[in-house]
Amino acid sequence: MSVLSIPYLLLSGASSIFIWLFSNHSKKITIFLANLVFLYLLGFRTADAIYVLILTVWTWFFGLHVKKKPVLVCSILIPVLGLCFYKYSNPFTGLWLAMPLGISFYTFKAISYLADRYHEKCRTASLLEVFDYLCFFPVFMAGPINRSEPFFEELNKPMAFQYRDQKNGCVLAGLGLFQKLVISSELSRQVGFYLNNPDHPELSGWYTLIGVIFYAFYIYADFDSYSNIAIGTARMMGFHLERNFFTPYLSSDIREFWRRWHISLSSWLRDYIYIPLGGNRKGKARKYLNTLIVFAVSGLWHGNTKMFLIWGLGHGILTILEDRMLPKQQKYPFLLRILLVLVNFMLVSLLWVFFRSGSGTEALKVFRGLAQLPAGSLSRVSAEGLGITQNEFVWGFLLIAMVIVTDLLRHQRDMLEWLSDQKLMVRWIIYFLLMVIAMIFGVYGPGYSASDFIYVTF
């Protein structure tokens with residue numbers, strides 16, 4: 001079941017209504033039933049359901065008894081081994097195992113809950129509360145990786161109807177829907193045009209560069225759209241999740257980029273891997289080793305190929321180089337900051353080539369195409385003759401311009417607050433225009449699978 005489907009919309013709406021009506025008595029039960037319905041509609045296999053049940057009971061039981069470090073190590077063993085078995089057993093067994101949807105996300109949530117219980121950072125939860133937390137359906141498939149204590153606080157707090165929350169949640173989910181249907185899906189289609197034919201004699205140089213840039217904006221729009229839908233849905237149900245992306249491509253260095261990109265994952269890696277390893281408290285050499293370990297884990301968490309590992313280590317190496325070469329202060333002169341933002345964006349975009357590629361050979365073809373950049377010319381290619389119309393070609397750049405302008409505005413002020421401050425007529429004109437654009441330009445027709453958010457595959 002896609003988060004863009006009618007059943008998902010009905011489930012979200014029904015859950016919100018039942019929570020409003022019965023929150024004083026059965027909020028936990030409502031979330032529990034909604035999670036079960038979601039897993040059923042998702043087509044969850046029996047084996048996957050059994051695994052989630054075992055992990056839930058395991059997490060709950062050790063959450064009651066995790067007092068000493070050896071118990072903590074034992075408690076996180078099953079979640080870690082389960083994740084490794086499904087994601088990384090192929091190189092050793094030769095078997096391709098169908099990975100349960102959401103396993104990367106609910107595994108990290110289980111580990112964080114157990115670690116927080118050990119450090120007494122969160123309350124003891126009942127079995128029902130642990131299940132509600134691990135399987136919370138808005139974030140089940142692709143995050144964000146919400147923390148346990150804020151979730152339990154709101155799970156146990158009666159929900160009073162808040163019009164602002166309902167409106168903002170609905171608007172945020174709607175904006176995510178717009179991002180997916182209009183921006184992400186169209187950029188994905190055009191990326192395939194530029195990068196799926198690297199041997200085409202005319203699709204090299206500038207066109208390869210366009211493909212790399214389009215992919216960078218596609219993956220951002222795709223990740224951010226799902227996060228906004230999930231966060232908006234949760235807010236309508238009375239759960240306030242932190243934002244997961246905050247204008248990452250306006251970052252002036254890799255360190256800032258990772259403070260703005262997939263924030264829930266970045267903070268999870270910092271709190272549960274980097275800091276326990278010693279962080280920056282044991283000298284420069286240990287700090288850099290810990291940095292590489294964290295980024296290696298980040299890469300392997302996304303996928304089990306060496307391309308993901310190269311992608312992760314590439315970010316780790318750049319982080320170390322920046323730590324050695326760039327000043328600690330972040331207030332650069334305006335023109336210098338613009339230059340650093342552009343350089344950082346290109347470095348991130350080049351690393352996305354490894355993230356997208358299924359093999360080293362595939363990545364090498366893209367870099368060979370980029371190597372022909374000085375000799376290439378945009379005027380040499382008839383876009384229409386190669387499978388894309390001139391209007392679609394221009395539309396791709398307009399979509400990127402839309403993302404850039406929106407991020408510049410978001411960087412200055414929260415868009416939901418800005419919308420709330422506008423007059424009623426202005427707000428509805430904006431909503432109407434977005435709906436019209438989504439209906440006219442959105443990729444949502446026969447044969448289109450709107451469920452293919454890229455993070456669902458992780």
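These legends describe close-up views of a predicted model.

**Figure 1. Overall fold of the predicted model.** The protein has 19 helices and 0 strands. It spans 458 residues, and 52% of them count as buried. Take the contacts between residues at least 6 apart in sequence: 77% of these join residues at least 24 apart. The accessible surface is about 21700 Å². Carbon and sulfur atoms account for 69% of that surface.

**Figure 2. Packing of helices α2 and α6.** Helix α2 covers residues 46-65, and helix α6 covers residues 103-118. Their axes lie 9 Å apart and meet at an angle of about 10°. Angles under 35 degrees count as roughly parallel, so α2 is roughly parallel to α6. From α2, the contact uses Y51, V52, L55, T59, F62 and G63. From α6, I103, Y106, A110, Y113, L114 and R117 take part. By class, the contact comprises 9 nonpolar, 2 polar and 1 charged residues.

Figure 3. Helix α17 runs over residues 390-412, 23 residues in total. From first C-alpha to last, α17 reaches 34 Å. That is close to the 33 Å expected at 1.5 Å a residue.

**Figure 4. E149 in helix α8.** E149 sits in helix α8, which covers residues 148-155. The relative accessibility of E149 is 17%. Buried means under 20%, so E149 counts as buried. Leaving aside neighbours within four places in sequence, E149 is in contact with K121, C122 and R123.

**Figure 5. The cis peptide bond at G143 and P144.** G143 and P144 are joined by a cis peptide bond. Omega is about 5°. P144 belongs to the loop between α7 (127-134) and α8.

**Figure 6. E120, a loop residue with positive phi.** E120 lies in the loop between α6 and α7. Phi of E120 is positive, about 55°, although E120 is not a glycine. With 67% relative accessibility, E120 counts as exposed.

**Figure 7. T247, a loop residue with positive phi.** T247 is placed in the loop between α10 (206-236) and α11 (254-260). Phi of T247 is near 40°, a positive value in a residue other than glycine. Is T247 buried or exposed? At 0% relative accessibility, T247 counts as buried.

Key: Residues numbered from 1 in each chain as written. Predicted model: local features only at pLDDT ≥ 70, side-chain atom pairs only at ≥ 80, totals over all residues. Heavy atoms only, no water. Axes fitted to C-alpha atoms, helices over the stretch in contact; angles between N-to-C directions. Helix = DSSP H or I, 4+ residues; strand = E, 2+ residues; numbered from the N terminus. Parallel < 35°, antiparallel > 145°, perpendicular 65-115°, else oblique. Contact = heavy atoms within 4.5 Å. Nonpolar A, V, L, I, M, F, W, Y, C, P; charged D, E, K, R; others polar. Buried < 20%, exposed > 50% of the residue type's maximum accessible area, 1.4 Å probe, protein only. Areas by Shrake-Rupley, 256 points an atom, 1.4 Å probe, with all protein chains shown as cover. Expected span 1.5 Å × (residues − 1).
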